[in-house]
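Dear colleague,

Please find the structure below, together with its sequence.

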Amino acid sequence: MSGDRAGAVWIASLVRRWPDLIDELSPAGRDALRERHGGGPVGGTTAPVRLHVSDAVRDITDGVVELEEAVRERLGLRPVPPAPVPVRLRRIAGLLDRIAADPLLAPHVEDETRRMAARCARALGDPEQLVRLPGRCPACDCVSLRALPERAEIRCVNPACGRVLGAEHS
């Protein structure tokens, strides 16, 4: 994948999935109260925090903060105020044209955003996140291209085709 498109795909995936990850911290519902037989609330009425999800939230948050700082430093931009993860991701996405012009920065951004998208998917219970890509398969001309982040692979999901495209495809 090219660094600019690949970064955009993984950033969009993270922005889209981030609210789901936050919701998974306490999946039983924040407002639901447990009741004992016969009525009345039971002690400890909140659902327990899911530690593997909490670890993923922390890892992705730290990764996004560090990535934004590294990108801005490498591009010679001034630091920006702290912001939530989706805002930081959108700020990085806004710099993708400049990132793509840097032969060291572009693959770093792609690798890190792919890693974080995969971590998010695993924490949400997805075996591997499938990301829809724009464009058509060069073999069958279907709009069925998907990226598999953990494998760093693009493939056609048309059952009649199934072509795996190399990393050079963009």
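Predicted model: local features only at pLDDT ≥ 70, side-chain atom pairs only at ≥ 80, totals over all residues.

Residues are numbered from 1 along each chain as its sequence is written, and side-chain values use heavy atoms, with hydrogens and water left out.

Overall arrangement

The protein chain holds 5 helices and 4 strands. Along the sequence, these elements follow the pattern α-α-α-α-α-β-β-β-β. Of its 170 residues, 37% count as buried, where buried means under 20% relative accessible area, exposed means over 50%, and partly exposed lies in between (1.4 Å probe, protein chains only). Among the contacts in the chain with a separation of 6 or more, 54% are between residues 24 or more positions apart; a contact means heavy atoms within 4.5 Å.

Helix 2 and its partners

Helix 2 (residues 51-74) packs against helix 5 (residues 105-123) at an angle of about 165°, and their axes are 10 Å apart. Helix 2 is therefore roughly antiparallel to helix 5. For reference, axes are lines fitted to C-alpha atoms, for helices over the stretch in contact, and angles run from 0 to 180 degrees between N-to-C directions. Angles under 35 degrees count as roughly parallel, over 145 as roughly antiparallel, 65 to 115 as roughly perpendicular, and the rest as oblique.

The crossing of helix 2 with helix 5 is left-handed, a term used if the near helix is turned anticlockwise from the far one by less than a right angle, with right-handed used if it is turned clockwise. On the helix 2 side, the residues in contact include His52, Asp59, Gly63, Leu67 and Arg74, and on the helix 5 side they include Leu105, His108, Thr113, Met116 and Ala123. By type, the residues of this contact divide into 11 nonpolar, 4 polar and 6 charged. In this scheme Ala, Val, Leu, Ile, Met, Phe, Trp, Tyr, Cys and Pro are nonpolar, Asp, Glu, Lys and Arg are charged, and the others, Gly among them, are polar.

Helix 2 also meets helix 3 (residues 85-93), where the axes come within 10 Å and cross at roughly 35°. This crossing, too, is left-handed. Thr61, Val64, Val65, Leu67 and Glu68 of helix 2 meet Val85, Arg88, Leu89, Arg91 and Ile92 of helix 3, and these residues divide into 6 nonpolar, 1 polar and 3 charged.

Individual residues in the helices

Thr113 lies in helix 5 and counts as buried at 0% relative accessibility. Its side chain reaches the backbone oxygen of Val109 at 2.7 Å. Beyond its neighbours within four places in sequence, Thr113 is in contact with Gly7, Trp10, Ile11, Leu14 and Leu67.

Asp111 is also placed in helix 5, but counts as partly exposed at 38% relative accessibility. Asp111 and Trp10 are 101 residues apart in sequence, with a C-alpha to C-alpha distance of 9.3 Å.

Val57, in helix 2, is buried with a relative accessible area of 14%. Not counting residues up to four places away in sequence, Val57 touches Trp18, Leu21, Ile22 and Leu25. Val57 and Met116 are 59 residues apart in sequence, and their C-alpha atoms are 9.8 Å apart.

Strands and loops

Glu128 sits in the loop between helix 5 and strand 1 and is buried, with a relative accessible area of 17%. Glu128 and Arg151 are 23 residues apart in sequence and 9.0 Å apart in space, C-alpha to C-alpha.

Glu153 belongs to strand 3 (residues 153-156) and is buried, with a relative accessible area of 17%. The Glu153 side chain makes a polar contact with that of Arg155 at 2.9 Å. A polar contact is a pair of N or O atoms within 3.5 Å; within protein, one must be able to donate a hydrogen and the other to accept it, and residues adjacent in sequence count only if both atoms are side-chain atoms.

Finally, Asp141 is found in the loop between strand 1 (131-132) and strand 2 (145-148) and counts as partly exposed at 47% relative accessibility. Asp141 has a positive phi of about 65° although it is not a glycine. Most residues other than glycine have a negative phi.

With kind regards

Methods. Helix = DSSP H or I, 4+ residues; strand = E, 2+ residues; numbered from the N terminus.
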